[in-house]
Amino acid sequence: MPKSRLNLALASGLLAIAVLACSASTANLSSVKLSTDKSGSPETSTFSANDTVYSVATVSNAPGKVKVKGRLVIEDVPGQQAGPAPGLEKTLELPGSGTATYTFTPPPDGWPKGKYKVEVILTDDGKERDTKTASFSVS
């Protein structure tokens with residue numbers, strides 16, 4: 001009898017650990033919003049040449065420190081090479097869940113017309129955990 005109780009206790013303990021592991025959530029990006037206002041509201045996907053682009057990324061379920069990198073990426077802009085825009089990338093460290101706000105100020109001549117996106121990458125302990133993008137156009 002004592003051996004079967006020990007086995008039952010071990011099995012119960014392993015089951016409890018498995019249930020907790022399955023229900024444990026990991027840090028993620030629950031949203032990425034673009035706006036002409038630092039608050040992220042109202043949300044938009046169309047900007048004018050002289051608009052400042054604000055990106056507000058919401059980090060959820062972060063049990064501790066995380067790093068969130070935001071960068072502006074050129075998708076389809078005449079005369080511009082596609083890819084991350086040089087100098088328009090910033091990494092923020094958050095103590096846990098919260099928001100990371102990025103400000104992309106237009107160049108002196110304004111944003112060239114075309115299609116862009118903001119890419120946000122969440123890392124935890126040096127490992128990439130989540131990536132989200134928000135596309136926009138300048139007209």
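Biologist: How many of the eight residues of E3 are buried?

Modeller: Seven of the eight, so E3 is largely enclosed by the rest of the structure. Buried here means under 20% relative accessible area, with exposed over 50% and partly exposed in between, using a 1.4 Å probe and protein chains only.

Biologist: Before we go on, what should I keep in mind about the model and the numbering?

Modeller: This is a predicted model, where local features need pLDDT of at least 70 and side-chain atom pairs count only at pLDDT 80 or more, while totals for chains, interfaces and linings use all residues. Residues are numbered from 1 along each chain as its sequence is written, and side-chain values use heavy atoms, with hydrogens and water left out.

Biologist: OK, back to E3. Which sheet order does the strand belong to?

Modeller: The order is E1-E3-E6, an open sheet of three strands with antiparallel pairing. Two strands pair if DSSP finds at least two bridges between them.

Biologist: And which are the edge strands?

Modeller: Strand E1 (28-35) and strand E6 (98-104), each of which pairs on one side only. On average, neighbouring strands of this sheet are turned by 20° against each other, direction ignored. That angle is taken between N-to-C directions on a scale from 0 to 180 degrees, with axes as lines fitted to C-alpha atoms.

Biologist: How many bridges join E1 to E3?

Modeller: Seven, and the two strands run antiparallel. For a landmark, Val32 has Ala57 in E3 as its bridge partner.

Biologist: What about E3 and E6, how many bridges there?

Modeller: Seven bridges, also in the antiparallel sense, with E3 covering residues 53-60. There, Val59 has Gly98 in E6 as its bridge partner.

Biologist: What does Val68 touch?

Modeller: Leaving out residues up to four places away in sequence, its contacts include Leu29, Val59, Leu92, Ala100, Tyr102 and Ile121. Contact means heavy atoms within 4.5 Å.

Biologist: Switching to aromatics. How many aromatic pairs are there?

Modeller: Three aromatic pairs. Rings of Phe, Tyr and Trp (its six-membered ring) pair if their centres lie within 6.5 Å; planes under 30 degrees apart count as stacked, over 60 as edge-to-face and the rest as tilted. The rings of Trp111 and Tyr116 are edge-to-face, because their planes are at 65° with the centres 6.1 Å apart. Tyr116 also pairs with Phe136, and that pair is stacked, at 5.3 Å centre to centre and 10° between the planes.

Biologist: Where do Tyr116 and Phe136 lie?

Modeller: Tyr116 is in strand E7 (residues 114-124) and Phe136 in strand E8 (residues 127-138), so the pair ties together parts 20 residues apart in sequence. Tyr116 is buried at 4% relative accessible area, and Phe136 is buried at 4% too.

Biologist: Which residues do the ring pairs link into a cluster?

Modeller: Phe47, Trp111, Tyr116 and Phe136.

Biologist: Now charges. How many salt bridges?

Modeller: Four, where a salt bridge is a side-chain nitrogen of Lys or Arg within 4 Å of a carboxyl oxygen of Asp or Glu. Among them, Glu119 pairs with Arg71, the closest N and O atoms being 2.5 Å apart. Glu119 lies in strand E7 and Arg71 in strand E4, so this pair ties together parts 48 residues apart in sequence.

Biologist: Are Glu119 and Arg71 buried or exposed?

Modeller: Both are buried. Arg71 also meets Glu89 in a salt bridge, at 3.7 Å from N to O. Glu89 counts as partly exposed, at 45% relative accessibility. Through shared partners, salt bridges join Arg71, Glu89 and Glu119 into one network.

Biologist: What about Glu93, which residue does its side chain meet in a salt bridge?

Modeller: Lys65, at 3.8 Å from N to O. Lys65 is exposed at 59% relative accessible area, whereas Glu93 is partly exposed at 48%.

Note on methods: Helix = DSSP H or I, 4+ residues; strand = E, 2+ residues; numbered from the N terminus.
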